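Colleague: I have a model open on my screen and would like to learn how to read it. Could you take me through a few features?

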Amino acid sequence: MLTVTTVKELKSAVKQAREAGKSIGLVPTMGALHEGHKSLVDRCRKENNVVVVSVFVNPTQFNNKEDLRTYPRTEEADKALLEAAGCDVVFMPTVEEVYPEPDTRVFNLGPVAEVMEGPMRPGHFNGVAQVVSKLFMMVEPDRAYFGEKDFQQIAVIREMVRQLGFKLEIVPCPIVREADGLAKSSRNVRLTPENRAVAPCIYRLLSESLDFAQSHSVEETIAFVTGGINAHDAMEVEYYQIVDGITMQPITEWADTGYAVGCITVYCGDVRLIDNITYFRK
Ligand code: AMP
């Protein structure tokens, strides 16, 4: 595995692969890697000749300074995981390398970015579009891999790709969970032991709501999930919305869509957790 820190080295490694006629897959990450990230790398390994993984805590997508400051950084462990997973090139740049000058681009990402995480995390998706578009320009991958844990992010990236005309395939990958159902996340390590013990109620309520939804309205289903989670001390639902899985727009009737996904964010103590579940996809 080749570890590179500069754009020049990255481009040179990619150029060599390209000239040898190899296909290139990219997995963008912010490090503190776990099994969820590894599943993206595994899928990328299967579908491409060369696997490039970026590990970069992107400051422009953090709307909360404290979150950026305390974001876990585990560079050596990340390299070991990536080496074992068969990654070919890992790109671990500094902030100055990615942003030699401030990125002033303002994306208009349209309706997919105007709901849920959009208003809750002002500037977040713009920062995601900035860094991911830069990575796409540096690597020009054939395919890029993203986790469905960040469900709305995939729709936003698809829109950015459409607007900028990138020729690549976006590959969504299923959520990887802990044995007790909690979606794996780099932020889980910040949970206190007490909060870690109750956090699995998020996925439990989401799962139970699949059955509940069979005989209840969208509104009742939202109340069922929100009420069930808020009943736990230390848990507070920020939002639970059931949306069309393509447009991200909230639905009010089940018949409004052929693809219904429930997207949730929950404060568990001061850690913000995110998850989602698909009700149906026709
Ligand atoms: P992050 O490092 O949190 O920015 O995540 C990098 C990529 O890994 C994103 O595409 C995430 O959606 C994906 N990812 C993070 N956690 C999981 C998980 N538990 N299951 C599947 N994908 C994940």
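Predicted model: local features only at pLDDT ≥ 70, side-chain atom pairs only at ≥ 80, totals over all residues.

Colleague: Let's begin with the overall layout. Into which domains is the protein divided?

Modeller: The assignment gives domain 1, residues 2-173, and domain 2, residues 186-281. Their C-alpha centres are 26 Å apart. To the contact, domain 1 contributes 22 residues and domain 2 contributes 21 residues.

Colleague: How do I judge what lies between them? What area is buried between domain 1 and domain 2?

Modeller: About 1700 Å² is buried there, and carbon and sulfur atoms give 56% of that area. Charged pairs are the next thing to look for. The rule finds 3 salt bridges across the interface of domain 1 and domain 2.

Colleague: And if I want to look at a salt bridge by its side chains, what distance separates R190 and D67, N to O?

Modeller: For R190 and D67 the N to O distance is 2.8 Å, and their side chains form a salt bridge.

Colleague: Which residues of α2 are buried?

Modeller: They are G36, H37, L40, V41 and C44. These residues cover an arc of only 145° around the axis, so they sit on the same side of α2.

Colleague: What do the buried residues of α2 pack against?

Modeller: Their partners are the strands β2 (24-29), β3 (50-55), β5 (143-147) and β6 (169-173), together with helix α4 (75-85).

Colleague: I'd also like to read backbone angles. Where should I look?

Modeller: M116 belongs to the loop between α5 (95-98) and α6 (117-120). A234 also has a positive phi, near 80°, and is not a glycine. A234 lies in the loop between α11 (218-230) and β7 (235-244).

Colleague: Are these two buried or partly exposed?

Modeller: M116 counts as buried because its relative accessibility is 4%, under the 20% cut-off. A234 has a relative accessible area of 40%, so A234 is partly exposed.

Colleague: Last topic: strand residues. What does V89 touch?

Modeller: Start with its place: V89 is in strand β4, residues 89-91, and is buried at 7% relative accessibility. Beyond residues up to four places away in sequence, V89 touches L2, V4, L10, A13, V51, V52 and V53. V53 is 36 residues from V89 in sequence, yet their C-alpha atoms are 6.4 Å apart.

Colleague: And M235?

Modeller: M235 is in strand β7 and counts as buried, at 5% relative accessibility. Leaving out neighbours within four places in sequence, its contacts include V198, A199, C201, I202, I229 and Y267. For M235 and V98, 137 residues apart along the chain, the C-alpha separation is 36 Å.

How values were computed:
Residues numbered from 1 in each chain as written. Heavy atoms only, no water. Buried < 20%, exposed > 50% of the residue type's maximum accessible area, 1.4 Å probe, protein only. Helix = DSSP H or I, 4+ residues; strand = E, 2+ residues; numbered from the N terminus. Arc of directions from axis to C-beta. Contact = heavy atoms within 4.5 Å. Domains from an automatic or database assignment. Buried area = accessible area lost by both parts, 1.4 Å probe. Salt bridge = Lys/Arg side-chain N within 4 Å of Asp/Glu carboxyl O.
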